[in-house]
Amino acid sequence: MTDSARTHHTFNWLPDIPEYHGLWSWVTSIDHKQIGIMYILSALFFFIAGLVLALIMRIQLMLPMNHFVSQDTYNQIFTMHGTTMIFLMGMPLLFGFSVYLVPLMIGARDMAFPRLNALGFWIFLFGALLLYFSFVGGGAPAAGWFSYAPLTEKGFLSNPGVDYWALSLLVMGIGSVATGLNLIVTVVTLRAPGMKLQHVPLFVWMAVTTGWLVVLSLPALNAAIIMILFDRLLNTHFFNPTHGGSAVLWQNYFWFFGHPEVYILILPGFGVVTEIIPVFSRKTLYGAGFMAASTVAIGFLSFGVWMHHMFATGLGFSVLYVFALSSLLIAVPTGVKVWTWIATMWGGSIRFATAMLFATAFIIQFTIGGLSGVTFAVIPLDWQLTDSYFVVAHIHYVLLGGMMFAMIAGIYYWFPKVTGRMLSETLGKWHFWLMVLGFNGTFFGMHILGAFGMPRRVWTYPHGMPIVTGINFFSTLCAFLLAFSIFLFFWNMIYSFFRGKVAGDNPWEAWTLEWCCSSPPPPENFDRLPPVHSRRPLWDLTHPEEVKQKVGGHAS
Amino acid sequence: MDLSYSQISSIFHFATEQARTIVWLQYINLIVCLGFFLTVVGLLAFAIIKFRQRPGDKEPEQTEGDTKLEIAWTLIPFLIFLALGVLTFIVMSSVNPPVGKRQPDIIVIGHQFWWEYRYPRYGVVTANEFYLPVGADLMLELRGADVIHSFWVPDFGQKMDAIPGHPNNLFLKPIRKGVFLGQCSEYCGSQHSLMRIVANVVSPEEFYKWIAIQHHVPNLPTDKISQHGQELFMSKTCVQCHNIAGTKAVAMAAPDLTHIATRKTIGAAVIENNVENLTQWIINPQQFKPGCLMPNMRLPESEAHDMAVYLENLK
Amino acid sequence: MKDRVILGMTLFVASEAVFFLMLVLAYASFHKVTGATAAAVLDPVKTGIFTVALLSSSFTMWLAERAREKETRGVGFWLFATIVLGSIFMIGQGAEYVHLITDKITISRDLFGSTFFTLTGFHGLHVIVGLILLALLFGLAVFGRKHEPTAIGMQAIAIYWHFVDAVWIVVFSMVYLWRYV
C-alpha cells in the first residue's frame with residue numbers, strides 16, 4: 001500500500017512524483033491535491049494581507065482622535081479587511097481543505113469534475129486579484145464588506161470601488177457554486193465500495209452540507225450584486241429610495257446569502273475538529289448520529305434566520321419575533337456539537353499535540369462567540385448591541401477564535417499528509433499560547449467596548465472616555481502579539497516544509513482513509529483500499545474481532 | 001473636546017423606562033451565558049486533567065453514544081432558550097408597542113453627517129443637540145435623508161435605524177435628568193464616526209423654556225462686528241444650505257443655525273462651541289471633520305471671525 | 001440520479017433557480033408601483049404566442065431525447081425544431097424590447113423598467129446559452145460519430161432547457177398575467 005522509499009527523502013518536496021514538478025504542472029493541474037494546496041496557499045497569502053489591514057486599523061484606533069490614517073483611507077481599509085478575510089481567506093481555505101481531503105477520505109481518485117475544480121480555483125484567484133486591483137484602479141471599495149444601499153449608489157460613492165467589490169464577488173461567487181456542487185456530486189457518486197453515507201467521515205458530511213449551502217445561497221448574493229451593479233452602471237432603481245426603490249431590499253437579499261455564508265465558513269471547521277478530537281482522545285466520536293443530524297439541522301435552519309441581522313431596521317413585531325425564535329433555535333444543534341466533542345474526550349486518553357491544543361481552544365472560544373450570538377437573538381439586547389463593538393467581538397470569536405483556530409488545527413494535523421513532514425511541535429506550542437493570549441487580549445475587551453457604546457466601523461472615538469481608550473490601547477498591543485504568533489506559524493510551516501521530521505503515512509495513528517496512502521499521496525491517491533465497513537477503516541484493520549461483531553449492523 | 005459634563009454611556013445604565021426593562025433582561029442573559037460557559041469550561045478542564053494520556057495507557061473504551069444523554073443535552077438547552085424566547089417576547093412588547101395612529105413627538109432625521117430634530121407639536125426645528133422632558137412618554141420617528149443612519153443613545157435603551165423611504169419608531173420615557181451621548185450606529189460614509197448625538201433630559205419647566213427660546217426669532221444684531229458678520233453670511237453661499245429664522249437664509253439642507261449659540265458643540269459634537277472654534281470651522285470645516293458635506297469655505301480669518309461673532313449671538 | 005453529469009446539472013439548475021427567485025421577488029416586491037405600467041404597456045396575447053413556441057420547444061426536446069434513447073433517426077430533426085422554436089421566442093422577446101424602448105420605456109426610466117428588463121433579460125440570456133448548447137448537440141447529431149451526442153449529455157441539457165421553460169412560466173405569469181388576478 002505504501003512506497004517506503006518515497007518517505008525517506010531529505011530536501012526536495014516531491015522528488016519521486018514527477019507529475020508535481022515545475023510551475024506548469026501546477027498552473028495546468030486538474031489534480032484535486034494540487035488545487036487544494038493552491039487554494040490554501042492563496043488563502044494564507046490573503047490572510048496576511050487582511051492581517052496587515054487589521055493592524056493598520058488597530059494602530060489608528062489605539063488613541064482617541066488619532067490621525068494615523070485619514071477617515072477615507074480607514075473606511076477603505078475596514079471594507080477590504082472584512083471582504084478579504086471572508087471571501088479571499090475563509091472561502092478558499094475551506095474549499096482548499098475540502099477539495100484536498102474529500103476524495104481521499106472517501107477513497108476516490110479525484111473530484112467528480114476535476115476540470116471544474118480547477119476552474120473554480122482560477123476564477124477565485126482572478127476575482128481576488130480584481131478586488132485588490134481597486135487600490136490602484138480608482139479606489140478600493142469603502143462601503144463595508146456588506147455594502148449597504150443606498151450608500152453604495154453612485155450618488156454617494158462615485159468612485160469605482162463598489163464596482164470592483166461587486167464584480168469581484170460576482171466572479172468568485174460563480175467559482176464557489178461550481179466547487180460546492182462538485183463536492184456534493186463527488187460524495188454522492190465516488191465513494192469507495194462499501195462506504196455507505198453513514199460511514200463517511202464527519203468532515204466529509206460537513207463538507208457536503210457546506211456544498212449545499214453554497215449552491216443555494218451564493219446565487220442570492222449574485223442576484224443582489226447584479227442589481228446594485230445595474231443601479232450604479234445602468235441607472236436602475238432597485239435600492240434607490242429617491243426613485244421608489246428599497247434600501248431594506250438589499251439587506252434582505254444580502255443577509256439571505258450572508259447568514260448561510262457564516263455557516264459555510266464554520267462547518268468545515270467543525271468538520272476538522274470532529275476529525276481531530278477522536279484521534280487525539282483515542283476514542284471514537286461520541287454520538288455521531290446526533291452530530292450528523294445537527295449538521296443537517298443547522299443547514300436547514302441557516303436559511304431561516306437571516307433577518308436577525310436586521311433587527312434594528314423596523315421589521316414589524318411578528319416578523320421580528322419569528323426570527324428571534326429561529327435564531328434561538330439554531331443555537332441548539334450547535335450546542336449539541338460542543339457537548340459531543342467534550343463527551344468524545346471524556347474517558348479518553350488525550351494527547352495534546354498542537355493540533356489538539358488548537359481544537360480544544362476552538363471549543364472554548366467558539367462557545368464564547370456562540371453565546372454572544374445567542375445574546376443577539378434576544379431582540380431587546382440586539383437593539384442595544386447591534387452595530388457596536390460587541391458584534392465585532394462576536395464575529396472575531398466565531399471566525400478567528402472559532403474557524404481560524406479550527407483550520408490551524410487542521411493544518412497541524414494534515415500538514416504531514418500533504419507535505420510528508422511534521423510541523424515543529426515546539427514552535428507549534430509557542431504559536432498556540434501566544435495566539436491564545438494575543439487573540440483573547442485583542443478581542444475580549446471589545447465586548448465591553450460595545451457595552452460602553454462604541455459603534456462599529458468608526459475610524460476614531462472621542463477623548464475623555466478612559467475605559468474606551470484603555471481597552472482600545474490594550475487591544476492594539478495584543479493585536480501585535482497575535483500578529484507575531486502568526487509569524488511564528490508561517491515560520492513553522494516554511495521551516496518544516498524544508499527541514500521537518502519525515503512523517504510517514506500515519507504519524508497520528510488516525511483511522512480514516514487518507515492516512516493509508518503515502519505522505520504525500522501519489523497522483524492516483526490509492527492503489528488499493530482496505531475494506532470499508534465503518535467510519536474508521538484503519539481502526540477496523542487493527543480490531544478485527546470488533547468488526548466481526550458489527551459487520552452488517554450499525555458501525556462506529 | 002471636553003465631554004466630562006455628560007454621563008459615561010453604557011448599556012447597563014438606564015435613563016429611560018425602556019432601558020430599565022432591558023437592563024434586567026441583560027443580567028438574566030449574562031447569567032445564562034455564564035452558566036453555559038462555565039459548564040463547558042468546567043467539563044473541559046476536568047476532562048483535560050483527568051483523561052490526559054499517561055504512560056502505559058491502554059486504548060480507552062470506545063463508547064459510541066447514549067441516546068438518553070444526547071436527548072437530554074439537546075432538550076435542556078432548547079428549554080432554556082425557549083425561556084429566553086418568552087422573556088424576549090415580554091420585553092419586546094413592553095419596549096416597542098405598536099404605534100397605531102399615534103403621531104410622533106419628535107422626528108429625528110439622519111443626514112450625512114448630522115442629526116436634525118423636529119418637534120411637530122411645537123413647530124420647532126433644530127440640529128445636533130436636542131431636549132427631552134423627563135417623565136414624558138415620548139415617541140420618536142426616525143427618518144433617513146440620504147443613506148441609512150442609526151440613532152443610538154445607549155442609556156436610552158435601544159437603537160433604531162433611520163432609513164430613507166422607511167420611517168421607524170422608537171419609544172422613550174426618560175426617567176433621569178442629564179446629558180446623554182450617543183452616536184450614529186450604521187456606517188454612513190466618511191464621517192460616520194463623528195456624527196454624535198447630544199440628548200439633554202431636563203425638567204418639564206426647563207423643556208418649555210427651551211421650546212420658548214426655539215420659538216423666539218433672534219433680534220437683529222446691534223454691534224458693528226455682528227452686523228458685518230450677518231451681511232457676510234447672507235451674501236455668501238451659506239444661505240444655500242442653512243436656515244436662520246427671521247432672515248433670508250431659509251434652506252434646509254444643513255443644520256438649522258437659528259439658535260446655534262445655545263449649543264455646546266459644533267459639527268455634531270466634534271468641537272466645543274465658542275467664537276474661536278466656530279471661526280476655524282467656518283474657514284475650513286474639513287480640518288475638524290474631513291469628509292463632512294460643508295466645503296472648505298476658504299474665507300479670510302477676519303471675515304470668518306465676524307461671522308462667528310454674529311452666529312454666537314443667535315440665542 | 002447516480003450519474004455525476006445529471007446530478008451536477010440538477011444542482012446547477014437548483015442554484016440558478018435561487019438566482020431567478022431573487023429577481024422574481026424583486027419584481028414582486030415593487031409590484032404596487034409597477035403593476036399599472038405592466039398592465040398598460042405589455043401585451044400578454046402577443047407574448048403568449050411566443051410563450052407557446054418556447055413551451056413547445058420543451059416538447060420537441062423531449063421527443064429528441066426519446067429518439068436518442070431509441071436510437072431512431074429523429075434526433076437531429078427534433079433538436080432542430082427545438083432550436084427553431086426557441087429562436088422564435090427570442091425574436092419575439094427582441095421585438096418586445098424594441099417596441100418598449102422606442103416607447104421610451106428603458107431599464108433606467110423607473111422601477112418597472114428596472115425590474116422588467118432585469119428579470120426578462122436574464123431569462124433571455126439563459127435561453128441564448130441554451131440555444132448554443134442545443135446547437136452543439138445538433139452539430140454532434142448531424143456530423144458526429146455514431147454514439148454522439150451521448151444520451152447522458154442530451155438528458156443533462158434537456159434538464160437545463162426544461163428549467164429555462166419553467167422559469168419563463170413563472171416570469172410570464174408574474175409579469176404578463178398578474179393584471180388578471
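The model is predicted, with local features needing pLDDT of at least 70, side-chain atom pairs counting only at pLDDT 80 or more, and totals for chains, interfaces and linings using all residues. Residues are numbered from 1 along each chain as its sequence is written, chains are lettered from A and ligands numbered from 1 in the order in which they are written, and side-chain values use heavy atoms, with hydrogens and water left out.

**Exercise 1. Describe the contact between chain C and chain A.**

Step 1: Start with the residues. Chain C brings 27 residues and chain A brings 30, where contact means heavy atoms within 4.5 Å.

Step 2: Turn to the area. About 2300 Å² is buried between chain C and chain A, and carbon and sulfur atoms give 80% of that. Buried area here is the accessible area (1.4 Å probe) that two parts lose on being put together, summed over both. In chain C, the residues losing the most area to chain A are R4(C), L11(C) and M22(C), together 26% of what that side buries.

Step 3: Look for polar links. There are five residue pairs in polar contact between chain C and chain A, both residues at pLDDT 80 or more. A polar contact is a pair of N or O atoms within 3.5 Å; within protein, one must be able to donate a hydrogen and the other to accept it, and residues adjacent in sequence count only if both atoms are side-chain atoms. The number of salt bridges between these two chains is zero, a salt bridge being a side-chain nitrogen of Lys or Arg within 4 Å of a carboxyl oxygen of Asp or Glu.

Step 4: Assign the elements. α1 (4-29) and α5 (111-143) of chain C each supply at least two residues to the side touching chain A, and α1(C) gives the largest share, 15 residues. Helices (H or I, at least four residues) and strands (E, at least two) are DSSP runs, numbered from the N terminus.

**Exercise 2. Follow R457(A) through its salt bridges.**

Step 1: Within chain A, R457(A) meets D387(A) in a salt bridge (3.5 Å, N to O). The two residues are 70 residues apart, with D387(A) in the loop between α11 (379-385) and α12 (389-419) and R457(A) in the loop between α13 (425-451) and α14 (466-499) of chain A.

Step 2: Cross to chain B. R457(A) also forms a salt bridge with E186(B), the closest N and O atoms being 3.8 Å apart. One salt bridge is found across the interface of chain B and chain A.
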